[in-house]
Amino acid sequence: HPIASMAAVRLTHGVPGGLVQGQSVHVRIASSARQARAMAGPRHTAGAIGCACLLRSVGRSQRPRRSLHRRRSHAAQAPIFRFGVVADVQYADCDDALNFTGSRMRRYRQARRLWDNSVKWFQEEEVSFIAQLGDFVDGRNRADEGRALQALEELLLPLEGGPPALHLVGNHELYNFTREELQNGISVPGVSEPFRITAPEALEAEAPSECSPFYSFSPGAGWRICVLDPYEFSVLSRGGGRPALDLQASDLEPAALALCQANNPNDVT
């Protein structure tokens, strides 16, 4: 979806005494700013994780900073770390149009405005890092040469000078670029660091190699974030578009295609 959903996650407590194996951690998610304010009382239990999640659309007028500051005033100690999450921006500089199934209007240019507001909010909240979970640019950018690179430039510029951002690969990235390009890094005019799906240097991550899309890093004492690679083995690794619509069987990754076809009675091409 082109509307960038956001989550500011505030880890207000360590785990003195530790969580025992099999113990559940419950996270309540607000569906509106009003509900979030009602949930965000001073309920921080010793030995547990006081975790408040606030989801909202940045196009709305409500601003969650007040509720976050209200929670902060009740916190027994400063948060260990905080981070921002955005998924499915799917930006393209093109007119609104129906989606693939014809069931919903896609607001391609609005996606950039929502992304810009997301980044601004995360920077104001002084998050430790931003996690962009894939489908950053939309597949429609592949229609014209250079459009995908231009879309990346417009999305990456607001991140300059802010907290480090990690990028996961989604199918829309592979509609526009090859997996090799995404791992090695794509130089973008006006942007200090290439766009890549490997770890940003600022995170000081541990990884099997410099070009590994899966890695881990520690944003705070006692915590480790593990970043996985959802397209490590994919028919789309060569990039270029969508199977059966933009690509022929010969354009797909052979080993991945053989595995998928061997375990699927349908023609996956």
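Colleague: In which strand of the protein chain is confidence lowest, and in which is it highest?

Modeller: This is a predicted model, and its confidence is lowest in strand β3, residues 51–57, with a mean of 34. Strand β7, residues 129–132, has the highest, at 98. For the protein chain the mean pLDDT is 79, and 72% of its residues reach 70 or more.

Colleague: Over which residues does pLDDT stay under 50?

Modeller: Residues 1–33 are one such stretch, with 104 contacts beyond four places in sequence in the model. Residues 39–64 are also below 50, and that stretch has 73 contacts beyond near neighbours in sequence.

Colleague: On to the cysteines. What makes Cys94 count as buried?

Modeller: Buried means under 20% relative accessible area. Cys94 is at 7%, so Cys94 counts as buried.

Colleague: And why is Cys226 called exposed?

Modeller: The cut-off for exposed is over 50%. Cys226 has a relative accessible area of 58%, so Cys226 is exposed. As for disulfides, the count comes to zero.

Colleague: How do you know that the span of α3 agrees with its number of residues?

Modeller: At 1.5 Å a residue, the 17 residues of α3 should span 24 Å. The end C-alpha atoms of α3 are 25 Å apart, which agrees.

Colleague: Which residues of α3 are buried, and how do you know where they sit around the axis?

Modeller: The buried ones are Tyr108, Ala111, Leu114, Trp115, Ser118, Val119, Trp121 and Phe122. They cover an arc of only 160 degrees around the axis, so they are on the same side of α3. Here's the background: an α-helix has 3.6 residues a turn, so residues three or four places apart point the same way. After α3 comes Glu126, with a positive phi near 55 degrees.

Colleague: What about Gln90: why is it called buried?

Modeller: Gln90 has 6% relative accessibility, and the cut-off is under 20%, so Gln90 counts as buried. Gln90 is in the loop between β4 and β5, and its phi is positive, near 50 degrees.

Colleague: What makes Asp135 buried?

Modeller: Asp135 has a relative accessible area of 7%, against a cut-off of under 20%, so Asp135 is buried. Asp135 lies in the loop between β7 and α4, with a positive phi near 60 degrees.

Colleague: Which residues touch the most other members of the largest nonpolar core?

Modeller: Among its 35 residues, those are Val89, Trp115, Phe136, Leu152, Leu156, Leu182 and Phe195. Helices α3, α4, α5 and α7 each supply at least two residues of this core. A second, separate core has 11 residues, including Phe81 and Leu203.

Terms used:
Residues are numbered from 1 along each chain as its sequence is written. This is a predicted model: local features need pLDDT of at least 70, side-chain atom pairs count only at pLDDT 80 or more; totals for chains, interfaces and linings use all residues. Side-chain values use heavy atoms; hydrogens and water are left out. A nonpolar core is a set of buried Ala, Val, Leu, Ile, Met, Phe, Trp, Tyr and Cys residues joined through side-chain atoms within 4.5 Å. Buried means under 20% relative accessible area, exposed over 50%, partly exposed in between (1.4 Å probe, protein chains only). Helices (H or I, at least four residues) and strands (E, at least two) are DSSP runs, numbered from the N terminus. A disulfide is a pair of cysteine sulfur atoms within 2.5 Å. The expected span of a helix is 1.5 Å times one less than its number of residues. The arc is that of the directions from the helix axis to the C-beta atoms. pLDDT is the predictor's confidence in each residue, from 0 to 100. Contact means heavy atoms within 4.5 Å.
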